Amino acid sequence: HMKKFATLLVLCCGIIFASLPAAASSLKIVALVNGEIISNEDIQNRINAFLLTTRIPFNAQTRGMITQRVLNAAIDEQIKLQEAAKNGIEISEEEVNNSLRQFERSHKIPMGQLNTILKQADVNPDTFASQMKSDLAWLRLVRKKSYADGTLTQKEVENALQEAKDDLTTPKYLISEIYIKKDNAKNLSDLVYNLRHDDRFELYAMQFSDSPSAANGGNLGWVNKGKLASPLETALNKMSSGDISEPILVGDGYYILKLQKTFDPQKDKPELPDEKQIRAFLENQKMEVLSKKLLQELRQKAVIELRS
């Protein structure tokens, strides 16, 4: 039964892996991060893992974006592990194994068979485990620093509740975005085609968007009407719920928008969040802001050498 499952996964991705470049004949250094090596083998492992877990097609339109995304993620992984170690944070083998078992459960993989599936997809299990370890270490580090900043006050929660109540009198859009800088904007019409035929907009946003909202799958939440750039507003006014826009040039890049739904205070019944929901939102927002700021600072300080 496990063999059938693994074979199915590999067959589903077969057309993808057939498009991958042949394995390098010798180990090469792709990047150095504060003196630590990232090799071409590391990157190929991560590309294979990315394709296996996301099922995003690896073709002329996505090849460059996927490779760049994987390289950036590998650099961030090294930076996160290095900073966690400096702060005395250690992740045990048991914790990593528990995280891998959770991955199996969430992806309906028979228990203990993840390594077999990874190997069949040419992914080194150690590389996959290292990614898990980096995520666990970073989460613990950010939580530690968040706690050091102090907890939310009741006044902050009450102010957020009042703002939410006032905001329900304004028409708004619930939207997600993918933002591509001009330098990275290639074959955007093909990307829009993929998005209109694959309902995983959030997954594409997480992997390819150059906006900070990528961490949330491109989700911008509810945006008040009149707050967006004029070209974006114009496009949204012509869209219906579920529509995906054409690429829209604004400033230094292109936006692709997905309109989830609209809110009209004259017609729609407002839903006010309760105190528990507001507190959870503010705490998550605090950690997210801290995480982005810390990683940006560490990246600026890091000695990163890229090699062709």
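**Exercise 1. Work out how many helices and strands the chain has, and whether its fold is as compact as a globular protein of that length.**

Solution. Start with the secondary structure: in this predicted model, the chain has eleven helices and seven strands. Next, take the radius of gyration, which is 21 Å. The globule rule gives 19 Å for 308 residues, and the chain's value is close to that, so the chain is as compact as a globular protein of that length. For the outline, look at the C-alpha trace: along the principal axes it spans about 65 × 45 × 45 Å.

**Exercise 2. Find what share of the residues is buried, and what share of the contacts with a separation of 6 or more joins residues 24 or more positions apart.**

Solution. Count a residue as buried when its relative accessible area is under 20%. On that cut-off, 40% of the 308 residues are buried. Now go to the contacts with a separation of 6 or more: 74% of them link residues 24 or more positions apart.

**Exercise 3. Describe the surface and the charges of the chain.**

Solution. The chain exposes about 17,900 Å², and carbon and sulfur atoms supply 51% of that area. Then average the charge positions: there are 41 positive and 40 negative charges, and their mean positions lie 2 Å apart.

How values were computed. Residues are numbered from 1 along each chain as its sequence is written. This is a predicted model: local features need pLDDT of at least 70, side-chain atom pairs count only at pLDDT 80 or more; totals for chains, interfaces and linings use all residues. Side-chain values use heavy atoms; hydrogens and water are left out. Helices (H or I, at least four residues) and strands (E, at least two) are DSSP runs, numbered from the N terminus. The radius of gyration is taken over C-alpha atoms; the globule rule is 2.2 Å times the number of residues to the power 0.38. Buried means under 20% relative accessible area, exposed over 50%, partly exposed in between (1.4 Å probe, protein chains only). Contact means heavy atoms within 4.5 Å. Accessible areas come from the Shrake-Rupley method with a 1.4 Å probe; for residues, only the protein chains shown count as cover. Lys and Arg count as positive and Asp and Glu as negative; His and the chain ends are not counted. The place of a charge is taken as NZ of Lys, CZ of Arg, CG of Asp or CD of Glu.
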